[in-house]
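Please keep the sequence and the three-dimensional structure in view while reading.

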Amino acid sequence: MATAMLSSPPLLPPSSNLSILSNKQSKILWKQKKCGKFMASSHLCKEPTSHCGVSRRDLAFIALSSSLSLIFPFSGRSAEEELKMASSVDDINAYSYLYPIEMPSKKFVFKWVETRKPERYSSAAPLSPDARLRIVSERVDIIDNLIISVSIGPPNSQFLKSKEKSTWRAKDVADSVLSDKSALRVTSTQRLAESSLLDAHASEIDGEPYWYYEYLVRKSPTRVAQEPNLFRHYVASTAERDGYLYTFSASTLGKQWEKMGLALEKTVASFRLLPPTENYVPPYKDPWRFW
């Protein structure tokens, strides 16, 4: 059993919805590193919430930031670059994530627009003609060509043949999601041909498996980049609940990956399914409803 302790960050005031993240600014106890799977247990404050001065939700988001370097290896870029990040919680679909709003060291500010507000699966926009995979929320930075989105869809039995998710391989989960991610009327195999998988691995968090993968998708030339072989670079995280796959993805143009990749990796690594509340609407509920 290998353990590593990182220094604890200063706690944020309750009114703040921002987290200032750095790989050095967290305290986490890693348990069990075996067969490429990891389990993380966060310990940021053992006192009651009122003594710490932050809510349990704020603590949860700060704790999420500490696991980023484990989930994605930040090789080739500065792993210590500080990011200011805001939290996003979708009570309808019961998940949360952090997204970057500023890189102070580079004096760079992200310009996000919420192009799709969280909505139930039955009324969400489909990503393919068969409407299996649907986008339930999306943010876009048009100026810097960045997209982060959450999609939900059933597993593709062609790749995930077992009902037991503990047996699923990360590559098979990635293939299942990517095979349904296309606006063209083509077969699952043809959809997969549009993508090139670079990496896939699994991580166990709070007893639940999360599958992480990185891939490229060929895109047509744009005004920003006129190269004939233009690729969009994606990182994604997928988790399963109620028989559906919840996938959080972030992407930018391949030529911008050196600048934006670290921020997008940290964003995707923060994705978590939350305990459902009374506002939660499972994907299988009222499939006929579109409002």
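**From the interior to the charged pairs**

Helix α6, residues 257–269, is largely enclosed by the rest of the structure, because 11 of its 13 residues are buried. The model is a predicted one. The buried residues of α6 are Trp257, Met260, Gly261, Leu262, Ala263, Leu264, Glu265, Lys266, Thr267, Val268 and Ala269. Here "buried" stands for a relative accessible area under 20%.

The interior may next be considered as a whole. In soluble globular proteins, nonpolar side chains tend to be buried together. In this model, the largest nonpolar core consists of 36 residues, and Tyr97, Phe110 and Phe271 have the most contacts inside it. Helix α6 supplies at least two residues of this core, and so does each of the strands β4, β5, β10 (146–153), β12 (208–219), β13 and β14 (244–253). There is also a second, separate core of 16 residues, which includes Trp168, Tyr213, Tyr234 and Ala236.

Strand β13 spans residues 230–241, and Leu230 is found in it. Leu230 has a relative accessible area of 5% and is therefore buried.

Where is Asn93 placed? Asn93 is in the loop between β4 (83–90) and β5 (95–103). Because its relative accessibility is 0%, Asn93 counts as buried. The side chain of Asn93 reaches the backbone oxygen of Glu119 at a distance of 3.1 Å. If its neighbours within four places in sequence are left aside, Asn93 is in contact with Glu119, Arg120, Tyr121, Val136, Ile152, Arg241, Tyr246, Tyr280 and Val281.

Attention now turns to charge. Side chains of opposite charge can pair when their charged atoms come close. How many salt bridges does a search of the whole structure find? The search finds 9. One of them joins Glu114 and Lys117, whose closest N and O atoms are 3.1 Å apart. Glu114 counts as partly exposed because its relative accessibility is 33%, whereas Lys117, at 56%, counts as exposed.

Another salt bridge is formed by the side chains of Asp180 and Arg132, with a distance of 3.0 Å from N to O. Asp180 lies in the loop between α4 (170–179) and α5 (188–193), and Arg132 in the loop between β8 (125–126) and β9 (134–141), so the pair ties together parts that are 48 residues apart in sequence. Asp180 counts as buried at 3% relative accessibility, while Arg132 counts as partly exposed at 25%.

Lys171 and Asp175 both lie in helix α4, 4 residues apart, which is about one turn of the helix. The closest N and O atoms of this salt bridge are 2.8 Å apart. Are Lys171 and Asp175 buried or partly exposed? Lys171 counts as partly exposed, since its relative accessibility is 42%; Asp175, at 9%, counts as buried. Elsewhere, salt bridges that share partners join Lys165, Glu208 and Glu240 into one network.

Key
Residues numbered from 1 in each chain as written. Predicted model: local features only at pLDDT ≥ 70, side-chain atom pairs only at ≥ 80, totals over all residues. Heavy atoms only, no water. Salt bridge = Lys/Arg side-chain N within 4 Å of Asp/Glu carboxyl O. Buried < 20%, exposed > 50% of the residue type's maximum accessible area, 1.4 Å probe, protein only. Polar contact = N/O pair within 3.5 Å; in protein donor to acceptor, adjacent residues only side chain to side chain. Contact = heavy atoms within 4.5 Å. Core = buried A, V, L, I, M, F, W, Y, C linked by side-chain atoms within 4.5 Å.
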